Every structure is written in structure tokens, then in C-alpha cells.
Amino acid sequence: MIEEVVSVELPVHERLVVRKNRLTNEENGIDMPRISIVTGTHGDELDGQYICYEVIRRIEREKNKLKGIVDIYPDINPLGLDTGSRGIPMFDLDMNRVFPGDNNGAMAEYVAAGIIEDIIGSDLCIDIHSSNIFVNEMPQVRINDDTQEKLLPYAKMMNAQFVWIYSSITVLDATLAYSLNHLGVPTLVTEMGVGNRITPKYCRDIVYGIFNLMSHMGIWDDEPKEVNEPIISTEGEVTFLTAKESGIFVSAVDSMGRIGIGTHIGDIIEPIEGRIIQRIESPTDGIIFTLRENPVVHKGALIARVYGGR
């Protein structure tokens with residue numbers, strides 16, 4: 001059932017409308033476990049659109065297996081998605097910096113408050129993101145260290161290759177996930193892929209994990225699946241490799257995954273002089289889980305993240 005979550009009048013007789021699709025089996029009664037799947041916070045993050053489509057398609061195909069409530073919010077920043085903007089166009093505002101919102105606040109705060117109010121009561125929320133246009137991310141779940149005891153068991157069910165436990169000090173308290181976690185709704189953040197693209201394999205991996213998670217929660221009547229055993233890392237086990245000078249980055253690795261110490265990750269080159277400015281090598285044995293996608297780099301730009309905790 002398509003439901004309107006919140007709407008706001010816009011100029012020129014238009015409306016901003018955030019909608020959700022509630023999937024449930026009314027024969028199961030009203031006291032059912034509930035999961036919320038949220039995406040479209042940033043208009044240039046598109047993997048979540050495909051994930052929503054796949055989850056809905058698979059549920060509708062076997063509706064008899066649905067024993068709970070699945071609320072899907074595919075686009076909580078509709079103006080951003082419509083225009084391909086990361087933030088809210090016209091306002092130059094990041095939607096993920098206005099939660100938990102304010103019912104008496106400006107437009108973005110009002111919308112954020114309506115979204116929060118609608119999600120409250122869920123047993124779990126999955127906040128789906130892609131990366132930006134600059135880097136490619138291995139499918140991963142990110143959680144704060146102050147919520148890891150509650151969230152890590154869920155994160156392990158998500159079929160992600162990597163779970164990154166952040167220090168809560170580094171996380172902005174105006175994000176959707178932070179706000180929901182502190183309002184009593186356990187919330188996982190997933191990251192994958194590249195901005196303005198869909199990586200179907202990554203999406204299918206996460207969809208598989210979502211159904212596994214729903215099986216464990218009693219929402220989906222099926223045997224739990226065998227999923228990836230993720231690498232679990234804390235912030236101190238991750239090395240950030242950055243550009244020492246501006247130039248063009250040319251990758252020397254075909255894909256993310258396991259590497260050894262000294263592995264050649266890529267070069268930053270100077271095209272007009274035909275020289276290598278910086279050769280980038282792995283400082284440790286480990287896993288590349290973030291890799292530069294956009295070749296144009298400036299001094300200090302992120303080239304790769306390498307986990308080397310094992």
C-alpha cells in the first residue's frame with residue numbers, strides 16, 4: 001500500500017511529497033514485527049532504488065511468506081533525486097544533516113521530522129547509501145561504537161563483506177541513523193558502490209542479506225540464509241591513503257579485496273610532463289574496501305581505505 005508520509009507546498013503550485021510502500025499480510029494480525037528500509041537521502045545515491053525494487057518484487061512474488069510489516073521509503077529527498085543533486089536543490093542543504101527535524105522548522109526540518117515520526121515504532125531500520133561520485137565502496141555496514149553491542153548481530157546478517165565500527169565522536173548527531181538509534185529504533189547504515197550509478201551485484205548481495213535478516217526477525221517465513229562472514233574493523237584498524245599532490249589517479253588494481261603489503265595500488269601522474277608524481281602502495285597486508293573512482297585528484301583527496309587489522 002502506497003502511503004504519504006509527509007508533504008510540503010512548493011512554489012508554482014507544486015508539492016514535495018515523501019511516500020512509502022507498506023507491505024504486510026493482514027491475515028497475520030496487527031502485532032507484527034516491523035522493518036523500515038530507507039534510501040534516497042542523497043539524490044546521487046542510486047543503489048537504494050534498485051534494492052527497493054528488488055525487495056518489493058520478491059515479496060510480491062511470495063506474499064504468503066510475509067509475516068510482518070516491511071515499510072519501504074525509496075526516496076526521502078525527492079527533489080534531489082529528480083535533479084540528480086546530492087543535497088536538497090535550491091537550498092544547498094544535505095538532507096542527512098537535518099534530523100531529527102522540527103515540526104515547526106523550515107521545510108527540510110519539517111520533512112525530516114515527519115519521516116522520523118513515521119519510522120518510530122520499527123523494530124529495525126536499514127539506512128541505505130551509495131558512495132559519492134569520487135570513490136567506490138565495497139558493500140559494508142557502518143555502526144557507531146556506542147551502539148555496536150545492539151547492532152553488530154544485525155550487521156553480521158546483512159551479507160556485507162565489511163563492518164566498520166566508527167567512533168561515535170566522529171559521527172554527526174544530525175544524521176538519520178544517529179537520530180533513530182538515540183530515539184530507540186536500531187538503525188544500520190549500509191554503503192556501497194559509486195554515486196550516480198547502480199552496481200547490481202552489490203545491490204543483490206544486500207537484498208539477500210535483508211531477506212536473511214527478515215527471516216531472523218520473524219518477518220519473512222523462510223530459513224535463514226548462509227551469508228558472508230564480514231570482516232569487522234574498528235576505526236583504528238583502517239589506513240587512509242591520500243594524494244600528496246594534485247594530478248590524475250590511474251589505478252593499478254582491478255578490483256577491491258585482499259592485498260599484500262607493498263601492493264601497487266596506483267599512480268598519480270602529471271600528463272603534461274609525462275611523469276609519476278606519487279606511487280601509491282599498500283602499507284599493510286589487508287583489504288582495500290574503498291578505492292578512488294574519479295581520476296582527477298587534488299592534494300589531500302582520498303585514494304583508498306585499507307583495512308589491516310588482521
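In which sense do strand S11 (residues 247–251) and strand S13 (residues 264–270) pair, and over how many bridges?

Reply: Strands S11 and S13 pair in the antiparallel sense, over four bridges. The model is predicted, so local features need pLDDT of at least 70 and side-chain atom pairs count only at pLDDT 80 or more, while totals for chains, interfaces and linings use all residues. Residues are numbered from 1 along each chain as its sequence is written, and side-chain values use heavy atoms, with hydrogens and water left out.

Strands (E, at least two residues) and helices (H or I, at least four) are DSSP runs numbered from the N terminus, and two strands pair if DSSP finds at least two bridges between them. Strands of a sheet pair through backbone hydrogen bonds, either parallel or antiparallel.

Antiparallel pairing also joins strand S1 (residues 2–10) to strand S2 (residues 14–24), over eight bridges, with Val6 opposite Val18 in S2. S1 and S2 make a hairpin with three residues between them, and Val12 in the turn has a positive phi of about 60°. S2 pairs in the antiparallel sense with strand S4 (residues 69–73) as well, over four bridges; here Arg22 stands opposite Asp71 in S4.

Val70 is one of the residues that touch the most other members of the largest nonpolar core, which has 61 residues. Such a core is a set of buried Ala, Val, Leu, Ile, Met, Phe, Trp, Tyr and Cys residues joined through side-chain atoms within 4.5 Å; buried means under 20% relative accessible area, exposed over 50%, and partly exposed in between, with a 1.4 Å probe and protein chains only. Helix H6 (residues 200–217) gives the most to this core, nine residues. Leaving aside neighbours within four places in sequence, Val70 is in contact (heavy atoms within 4.5 Å) with Asn21, Arg22, Leu23, Ile35, Ile37, Ile59, Met214 and Ile219.

Aromatic side chains give another set of links. Rings of Phe, Tyr and Trp (its six-membered ring) pair if their centres lie within 6.5 Å; planes under 30 degrees apart count as stacked, over 60 as edge-to-face, and the rest as tilted. By this rule there are seven aromatic pairs. Phe162 and Phe289 are stacked, because their ring centres are 4.1 Å apart and their planes are at 15°. That pair links strand S7 (residues 162–166) with strand S15 (residues 286–292), the two residues being 127 residues apart. Both Phe162 and Phe289 are buried. Phe162 also pairs with Tyr307, edge-to-face because the centres are 5.7 Å apart and the planes at 75°. Tyr307 lies in strand S17 (residues 302–307), so this pair ties S7 to a part 145 residues away in sequence. Ring pairs join Phe162, Trp164, Tyr166, Phe240, Phe289 and Tyr307 into a cluster.

There are zero disulfides, a disulfide being a pair of cysteine sulfur atoms within 2.5 Å. The sulfur of Cys52 has its closest cysteine sulfur in Cys203, 9.9 Å away, which is too far for a bond. Cys52 is buried at 3% relative accessibility, and Cys203 is buried at 0%.
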